[in-house]
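Take a moment with the picture, and then we'll walk through a few of its features together.

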Amino acid sequence: LIVDEAQSETSEKLIELLRKEDTFAVHTHMRKEGDEWVPMDKAHAESQIRTNAGAFRYALVLPENLLDDDFGFNMEMLYNPQNQIENSIVQGMLQKTLFSQGFKLLMNNPEYGITEDVKAAFDNDMSKIIAQHFGGDAEQILAEMQSESFWGFGAGDGDSDADSDSDADSDADTDADGGEEDTEDDFMGGMFNFEKTQVFGKGKNPMAQSVGGWSVMFLLFSLTGAASSLFEERDRGLFLRLLSGPASRAQILWSKFVHCASLGMLQMVTLMAFGEIVFDIITSPAQVFPLFVISIFTVAAATSFGMLLSSIATTPAQANGMGTFFILAMSAFGGAMFPLFMMPEFIRTYISPFSLVYWAMDGILGVLWRDAGVLGVLPQLGVLGAIAVVVLWISLWRFNRGDLFR
């Protein structure tokens, strides 16, 4: 989200730069009134990050004093660091975009009164520095810089030119002051004065996503293997012995479901306790009960999935092979292996929601990161419950029609 409080030509050019970066989906308006869109304001951006953490987690505020009195930009970044990888990528790409193009925008800004003579002198000095540190003829470098509209905005603003500019500036400062790291920080820090404000998730540990993801994925592996033990019990004649007594087929299958679900719940409790001890993922006692409830529904859905594989397969090896394939696919598309933002939009929109891992992960993050209670994760509980009921019904139907009890 971008809040353009400056409403200037410079702010419009900055927004244009960010729109050109494929990493970002830029939103500058918050709603439509009649035939016109209402520009985004800071209060609305903060509320979106707080209440709609699944869709918007970052906002860039371009204040009225966007241009610093000395030389540079003043900006504020509002963020919700739900995922460490995503947070690092967003901030890194934002810095890359601004650092590679912002300096040219500042040099071309009439606010600072930089004349053509000053730019020409800078070009001349820059070409000599590039030739000194990277080789080549200074006059030829100067001609290339001028022919490619080095100070232009738009055509000729490629990343390679921008990187060369940044490197040359860094080396120039190094040569003058004798220290690369401090001078680069001073130079960049003076150009971009960022004020970072975390508006959501303070005191939370982003490791909650990793703990939840690995817990759900290995829960599926464990329960699929446990459900596959039905074949071993069949081959040893256990079912025929049980059926010769008062036990029915339905009772045998339900006992297997309860046994696997109990093992799965024990595993979830153990892994969540480990996550709390090592990573401190539970930040409030109020999170314990909703986390327990979402774990129950996750275990029920995972157990029914394991029994479905056993009802379709004819051998333990076949069940384990299919289980490995589907579990890895669901984990990848559901966000357990890596954050969903790294997946193509088509997969996030049309494939991920069909994975039980997607809903389990969303529910666990809702509790641990957004402090959602049981009512807050009702949609996730509903979907997981529906998956458990439908898939278990199909499994029981398959078992009764198959050769498991013959």
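How much space lies in the second largest pocket? About 250 Å³. A quick note before we go on: this is a predicted model, so local features need pLDDT of at least 70 and side-chain atom pairs count only at pLDDT 80 or more, while totals for chains, interfaces and linings use all residues. Residues are numbered from 1 along each chain as its sequence is written, and side-chain values use heavy atoms, with hydrogens and water left out.

## The second largest pocket

What counts as a pocket here? On a 1 Å grid over the protein atoms alone, a pocket is an open set of points where a 1.4 Å probe fits, with protein on both sides within 12 Å along at least five of seven lines; lining residues have an atom within 4 Å of a point. Grid points are joined across faces, edges and corners, and the volume is the space filled by probe spheres set on the points.

The lining of this second largest pocket has 14 residues, and Phe305, Leu308, Met330, Leu356 and Val391 are the ones nearest its centre. Two or more lining residues come from each of α12 (288-312), α13 (316-334) and α16 (378-401). The largest share belongs to α12, with 6 residues.

## The overall build

The protein has 16 helices and 6 strands. Both are DSSP runs numbered from the N terminus: helices are H or I with at least four residues, strands are E with at least two. Of the 406 residues, 46% are buried. Buried means under 20% relative accessible area, exposed means over 50%, and partly exposed is in between (1.4 Å probe, protein chains only).

Now for contacts, meaning heavy atoms within 4.5 Å. Among those with a separation of 6 or more, 72% join residues 24 or more positions apart.

## An open sheet

Strands of a sheet pair through backbone hydrogen bonds, either parallel or antiparallel. Here, 4 strands make an open sheet in the order β1-β4-β5-β6, with mixed pairing; two strands pair if DSSP finds at least two bridges between them. At the edges sit β1 (2-4) and β6 (192-198), each pairing on one side only. Ignoring direction, neighbouring strands are turned by 20° against each other on average.

Zoom in on β1 and you'll find a parallel pairing with β4 (residues 58-62) over 3 bridges. Asp4 stands opposite Leu62 in β4. Helix α2 (residues 42-51) packs on the sheet, touching β1, β4 and β5 (73-79), and its direction makes about 35° with that of β5. For such angles, axes are lines fitted to C-alpha atoms (for helices, over the stretch in contact), and the angles run from 0 to 180 degrees between N-to-C directions.

## Rings that pair up

Rings of Phe, Tyr and Trp (its six-membered ring) pair if their centres lie within 6.5 Å; planes under 30 degrees apart are stacked, over 60 edge-to-face, and the rest tilted. That rule gives 6 aromatic pairs. Phe218 and Phe221 have ring centres 6.1 Å apart and planes at 40°, so they are a tilted pair. They sit 3 residues apart in helix α8 (residues 207-227), which puts about one helical turn between them. Phe218 is partly exposed at 38% relative accessibility, and Phe221 is partly exposed at 28%.

Trp254 and Phe257 have ring centres 5.7 Å apart and planes at 80°, so this pair is edge-to-face. Both are in helix α11 (residues 249-279), 3 residues apart, about one turn of the helix. Trp254 is partly exposed at 41%, whereas Phe257 is buried at 12%.
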